[in-house]
Every structure is written in C-alpha cells, then in structure tokens.
Amino acid sequence: MSTTRHLLNRQRRLAARTAEPDTAENPPEESPPGPRPSARRTPHAPKQVDREDAEQRAQPDPARARRHRNRVLAALVLLTVLLGAFAGWAGARAGELRGTEAVRNSALTDTARTSEVKGKVTEAVNALFSYDHTAPQKNRDAAGHLLTGPAVAQHARLLDGLRKQGEKQKLVLTTTVTDAAVERISSADGRDRARVLVFADQRSTRTGAAGKANSTAAEDGSAYAGAMLAVEAIRTGASWRINRIDTFD
Amino acid sequence: MRERVRALVRPSKDPVLAAAVALLVAALCFAAWGGWSWHAAADDGARAYGESRDRALSAAEQGVQNLNTLDHRNVAHGLSTWQQSTTGELRKQLADGRGEFERQVKAAKTVTSAEVLSAALYELDERAGRAGAVVAVRTTVNAPKQKPTTKDTRMRCELSRTSGGWKLSALAQVPVGDSAGESGPGASRQDQGED
C-alpha cells in the first residue's frame with residue numbers, strides 16, 4: 001500500500017470533480033480513504049497519473065492479465081492455422097495445375113523439341129520403309145539402329161513379304177514422308193516419349209518378271225500409294241528410336 | 001493495451017507466446033510461398049498455349065468425324081451439324097451446296113459413319129487463332145443392297161478460332177503425290193545409276 005499513490009488519486013478525483021460535474025460514476029468514491037478497489041477513471045483525468053493507475057490495476061489483477069494473454073495466444077494460433085491451411089491448399093492447387101495434361105504434353109509448346117522429333121521421325125520412316133533390291137542391307141541396317149522394343153517385330157512383319165520377293169521382283173520401294181505432326185511429347189519413367197502421325201508417299205517399282213504383269217502401274221512402271229501410320233518414339237541418349245509402329249490395321 | 005503489446009515484443013517473458021509468434025511467422029512464410037506458387041502455375045503461358053492446342057485438336061477430330069458422318073434418314077440434322085462444325089469459306093460452300101447434296105443422299109439412301117484413327121496439329125498460331133491439323137479417318141458407307149465399304153482417308157484441315165470455339169475453315173483429302181523418288185533419300189534412279 002502506497003500512501004503517495006493514494007493521496008495522488010484523491011487529489012486527481014477532487015480535481016476531476018470540480019472540472020467536470022457530470023460524470024457517470026456515483027459518489028461512493030468520495031467515501032473515507034482506505035484500500036481502493038480498481039479505480040474508475042473519469043474521461044478528463046490528467047495523463048500523468050495514467051501509468052500509476054495502470055500499474056495499480058495490473059498488479060492486483062493477474063487473472064485479467066492472463067485472460068488477455070490467452071486471448072492473444074488463441075488469436076495467434078488461429079491465424080497460424082488459417083495461414084497454414086491456405087499454404088497447403090495453394091500449394092496443392094499449384095501442383096494440380098502443373099500436372100494437367102496441357103502442361104505435361106509439350107508438343108508445340110516446346111518448339112525446339114517438336115521440330116527435333118518431327119525431323120528425326122521423318123528421316124527414320126523414310127529409311128525404314130525404303131528398300132532397294134541392289135542394296136537390301138541398307139534397310140536392315142536402318143532397322144538395326146532406328147528401332148527398339150515392339151517396333152522391331154512390327155517392322156519385320158510389315159516388310160516380310162517385300163524382303164522375300166524383293167530380290168526376285170527387283171523391287172525398289174521409296175517412301176517419302178509428306179506430313180508429320182507431333183501429337184504428344186511427354187516424359188515418363190525419366191525418358192522422353194513422343195507420338196507422331198505420319199503421311200507418306202510410297203513408290204514401288206518392280207522391274208522383274210512379276211512386275212511387268214502389274215496392270216495398274218504408271219507409265220514408268222511404278223505404282224504409287226499413300227500411306228498413313230502413327231509412330232511412337234523414345235529418346236535414348238542423344239537420339240530418338242521408334243518403339244512402336246501403328247498402321248491402323 | 002500497452003502491456004499486451006509489451007508482452008508481444010518482449011517474448012522472453014512468455015515462452016509459449018514466443019513459440020506461437022515464431023509459428024505464425026513460419027506459417028506466414030509458407031502462405032507467401034504457396035500463394036506465389038499458385039499464381040505462377042495459374043499464370044503459366046505454356047499451359048495456356050497447351051490448352052489452346054488441345055482445344056484446337058479436339059475440334060479438328062470432332063469436325064472431321066462430323067463431316068464424314070451422315071444418315072439419309074436424318075439428313076437435315078446431319079448437315080446442320082456440318083455447318084456448325086465449320087466456319088468461313090468451307091461453311092459457305094456447305095451451305096451453298098446443301099439442297100442438292102440432301103437430294104443426292106436421300107436418293108442413295110446411304111448411312112455413313114466415321115472413326116478418327118489418329119490426329120495431330122502441325123501448326124498453331126494462338127494469337128491469330130489459326131491452326132492446322134492432319135487427321136487419319138476411317139469411314140464406313142452402308143448403302144442398300146450392298147456390303148458396307150470401309151476406307152481409310154488421310155485428311156488435312158485448317159481451323160479458325162471463332163466466338164463459338166475452334167472450327168474447320170478448310171478440309172481436304174491429302175492426295176498421293178509423286179514426291180517419292182524425286183527428292184526423297186535413296187531415290188531409285190540415283191541408285192540404279194550407281195550400278
């Protein structure tokens with residue numbers, strides 16, 4: 001108990017009462033001096049006694065201080081939870097957007113890669129479906145370094161008849177790609193894969209005995225046909241290999 | 001009020017409060033990172049281009065299938081679908097020839113259906129709203145008193161983006177050319193010259 005404070009408070013209240021007669025508080029404050037409960041402040045109390053007043057209120061009321069602190073703590077926790085929830089949701093949403101089909105397929109969006117794939121597949125199809133009876137090994141060599149996976153067997157089956165009869169019929173088959181469009185480029189299992197739709201002109205010339213009987217041959221003894229196929233290619237090291245040939249049978 | 005503020009800036013007086021403030025700061029950082037990450041993914045130009053590509057390709061496939069589908073019992077509806085799938089010059093051609101074509105189909109009593117085997121865009125100009133695609137399509141024609149005939153056709157089409165989405169602005173069959181043997185690798189004449 002501090003008498004100085006007690007005296008100061010009494011002085012303050014007397015001063016306030018003379019300055020502003022219409023206060024909300026009732027006269028009980030004017031009762032004889034004694035230990036005071038938390039004093040009520042009038043609106044025009046002088047500022048220099050605020051701090052003493054506050055301290056007087058804080059010290060004898062630790063329960064109220066703890067309640068304030070708990071409220072602040074609760075607010076902090078709530079804010080943390082809300083921000084954390086937002087962070088989680090936003091991160092998940094970003095991941096979703098990055099995983100959409102439109103993003104995973106880089107055909108046309110990655111112009112350099114699209115050109116590369118288109119060029120490599122065009123070269124490969126031209127080589128794989130061209131055959132010259134005077135140099136049959138060229139086609140086999142092409143198959144050896146351009147094919148992988150199921151395409152090896154598919155290619156062998158497609159050219160089977162041609163290889164068997166080619167020597168006898170003196171066959172020359174030339175394939176030239178006219179249109180190649182990349183449908184898809186994506187990464188799976190750490191490797192780049194592409195799917196390309198290819199249209200090609202094929203010209204076959206049979207100069208052997210069987211060839212002359214071909215009534216639909218053009219003037220130069222050649223037959224022309226349009227081919228369509230879809231190939232799937234896979235990147236191995238620095239080069240692309242065809243691992244699937246689809247002739248839509 | 002002042003003592004509450006003081007408790008916050010002097011957390012050493014209250015370790016639980018200090019921990020709560022630290023967690024809040026961490027959560028704030030995560031929220032900032034999450035928000036930035038989401039914005040970057042949503043604002044991605046490549047994604048928008050990819051979506052445009054997918055929409056154009058889808059329109060190409062649907063358009064080619066539509067224009068190879070016609071049932072003599074429902075010609076009017078079929079031809080309206082054709083017009084809805086097209087724009088520009090192609091649409092005008094279809095509209096102009098519609099009457100005559102309807103008569104022919106009804107007389108022939110054909111039912112034509114189509115299946116797209118494969119399709120891909122070969123070019124896309126997103127800003128100008130133009131695209132080009134190649135489509136491999138298998139059409140089956142059923143005529144009365146005849147066996148159904150199936151034919152595989154190579155088609156090349158152009159698309160334009162309209163207010164109603166991507167539509168076909170040109171459509172043609174890819175002709176068989178004689179490019180094979182002229183400029184292609186391993187041309188037969190050149191090889192025979194080496195004998």
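**Exercise 1. Find what covers the buried residues of helix 3 of chain A, and check the span of that helix.**

Step 1. Helix 2 of chain B is among the elements that cover the buried residues of helix 3 of chain A. Helices here are DSSP runs of H or I with at least four residues, strands are runs of E with at least two, and both are numbered from the N terminus. This is a predicted model: local features need pLDDT of at least 70, side-chain atom pairs count only at pLDDT 80 or more, and totals for chains, interfaces and linings use all residues. Residues are numbered from 1 along each chain as its sequence is written, while chains are lettered from A and ligands numbered from 1 in the order in which they are written.

Step 2. List the buried residues. In helix 3 of chain A they are L76(A), T80(A), L83(A), A87(A), A90(A) and A94(A). A residue is buried if 20 or more other C-beta atoms, placed from the backbone, lie within 10 Å of its own; it is exposed at 12 or fewer, and partly exposed in between.

Step 3. Check the span. Helix 3 of chain A covers residues 62-98, which is 37 residues. The expected span is 1.5 Å times one less than the number of residues. That gives 54 Å, and the end C-alpha atoms are 54 Å apart, so the two agree.

**Exercise 2. Describe the side of chain B that touches chain A.**

Step 1. Count. The contact takes 56 residues from chain B and 52 residues from chain A. Two residues are in contact if their C-beta atoms, placed from the backbone, lie within 7 Å.

Step 2. Find the main supplier. Helix 2 of chain B gives the most to this side, with 17 residues.

Step 3. Sort by class. This side of chain B has 32 nonpolar, 11 polar and 13 charged residues. Nonpolar means Ala, Val, Leu, Ile, Met, Phe, Trp, Tyr, Cys and Pro; charged means Asp, Glu, Lys and Arg; the others, Gly among them, are polar.

**Exercise 3. Decide whether V134(B) counts as buried or exposed, and name its contacts.**

Step 1. Locate V134(B): it sits in strand 3 of chain B.

Step 2. V134(B) has 25 C-beta neighbours inside 10 Å, so it counts as buried.

Step 3. Set aside neighbours within four places in sequence. V134(B) then contacts D179(A), A181(A), L197(A) and F199(A) in chain A, and A119(B), A120(B), Y122(B) and R156(B) in chain B.

Step 4. Compare sequence with space. V134(B) and V64(B) are 70 residues apart in sequence, and their C-alpha atoms are 9.9 Å apart.
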